[in-house]
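Dear colleague,

Please find the structure below, handed over for your use. My findings follow it.

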Amino acid sequence: MRKTRVGKYTIGQVVRHRIYPFRGVIFDVDPVFANTEEWYEAIPEEVRPSKDQPFYHLFAENAETEYIAYVSEQNLLPDDSGEPLRHPQVSEVFERGEDGSYRRRFEVLN
């Protein structure tokens with residue numbers, strides 16, 4: 001029986017990659033790896049993370065562009081810069097608090 005781990009980071013939290021120069025806001029979490037085997041095998045073996053850890057879906061950005069990233073917990077660090085994210089989907093899903101944190105927007109359903 002596999003033990004389910006609780007993620008270290010939360011939806012709406014701003015994080016940065018431990019190795020690569022990008023940051024983003026978490027919009028979903030998988031308790032363990034849930035992407036394709038092809039995606040996993042494309043990661044260079046020397047930096048390939050274990051599948052048995054939380055993986056985070058990010059609205060990510062670097063100096064050049066914005067994109068969606070899928071990152072293992074071991075490769076994330078909190079981003080305490082306080083800088084707002086420019087990714088266009090962030091404002092569709094989240095609202096930014098005065099303290100710089102992001103909270104999910106709630107749509108009223110009829």
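Asparagine 62 makes contact with Pro21, Phe22, Tyr67 and Arg86, once its neighbours within four places in sequence are left aside. Please note that the model is a predicted one. Asparagine 62 belongs to the loop between β3 and β4. From the C-alpha of asparagine 62 to that of glutamine 13 the distance is 17 Å, and the two residues are 49 residues apart in sequence.

Proline 21, one of the contacts of asparagine 62, sits in the loop between β1 (14–17) and β2 (23–30). Proline 21 has a relative accessible area of 72% and is therefore exposed, the cut-off being over 50%. Glutamate 61 lies 40 residues from proline 21 in sequence, and their C-alpha atoms are 8.8 Å apart in space.

Aromatic residues

Eleven aromatic pairs are present in the structure. In one of them, tryptophan 39 and tyrosine 70, the ring centres are 5.4 Å apart and the planes stand at 75 degrees, so the pair is edge-to-face. Because tryptophan 39 is in helix α1 (residues 37–41) and tyrosine 70 is in strand β4, this pair ties together parts that are 31 residues apart in sequence. Tryptophan 39 is partly exposed, at a relative accessible area of 29%, whereas tyrosine 70 is buried, at 11%.

A further pair is formed by phenylalanine 94 and tyrosine 102: their ring centres are 6.3 Å apart with the planes at 75 degrees, so this pair is edge-to-face. Phenylalanine 94 is buried, with 2% relative accessibility, and tyrosine 102 is buried with a relative accessible area of 8%.

Tryptophan 39 and tyrosine 70 also belong to one aromatic cluster, together with Phe33, Tyr40 and Phe55. Tyrosine 40, from that cluster, has lysine 51 over its face, at 4.6 Å from the ring centre. Arginine 48 lies over the face of tyrosine 40 as well, at 5.6 Å from the ring centre.

Where is arginine 48 placed? Arginine 48 is found in the loop between α1 and β3 (55–61). With a relative accessible area of 23%, arginine 48 is partly exposed. Not counting residues up to four places away in sequence, arginine 48 touches Tyr40, Glu41 and Ile43.

Arginine 48 and serine 72 are 24 residues apart along the chain, and their C-alpha atoms are separated by 9.4 Å. Serine 72 is part of strand β4 (residues 66–72). A relative accessible area of 3% falls under the 20% cut-off, so serine 72 is buried. The contacts of serine 72, leaving aside neighbours within four places in sequence, are Pro49, Gln53, Pro54 and Phe55. Of these, Phe55 is a member of the aromatic cluster described above.

Asparagine 75

The loop between β4 and β5 (76–78) holds asparagine 75. Is asparagine 75 buried or exposed? At 7% relative accessibility, asparagine 75 is buried. Asparagine 75 touches Arg16, His17, Arg18, Ile19 and Pro49, when residues up to four places away in sequence are not counted. Pro49 is also among the contacts of serine 72.

The largest pocket

The largest pocket holds about 250 Å³ of space. Its lining comprises 15 residues, of which His17, Tyr20, Trp39, Ile43 and Tyr70 lie nearest the centre of the pocket. Which element gives the most to this lining? Strand β4 does, with four residues. By class, twelve of the lining residues are nonpolar and three are polar, and none is charged.

Yours sincerely

Technical notes
Residues are numbered from 1 along each chain as its sequence is written. This is a predicted model: local features need pLDDT of at least 70, side-chain atom pairs count only at pLDDT 80 or more; totals for chains, interfaces and linings use all residues. Side-chain values use heavy atoms; hydrogens and water are left out. Helices (H or I, at least four residues) and strands (E, at least two) are DSSP runs, numbered from the N terminus. Buried means under 20% relative accessible area, exposed over 50%, partly exposed in between (1.4 Å probe, protein chains only). Contact means heavy atoms within 4.5 Å. Rings of Phe, Tyr and Trp (its six-membered ring) pair if their centres lie within 6.5 Å; planes under 30 degrees apart count as stacked, over 60 as edge-to-face and the rest as tilted. A charge sits over a ring if NZ of Lys or CZ of Arg is within 6 Å of the ring centre and within 35 degrees of the ring normal. On a 1 Å grid over the protein atoms alone, a cavity is a set of points where a 1.4 Å probe fits but cannot get out, and a pocket is an open set with protein on both sides within 12 Å along at least five of seven lines; lining residues have an atom within 4 Å of a point. Grid points are joined across faces, edges and corners, and a volume is the space filled by probe spheres set on the points. Ala, Val, Leu, Ile, Met, Phe, Trp, Tyr, Cys and Pro count as nonpolar, Asp, Glu, Lys and Arg as charged, and the others, Gly among them, as polar.
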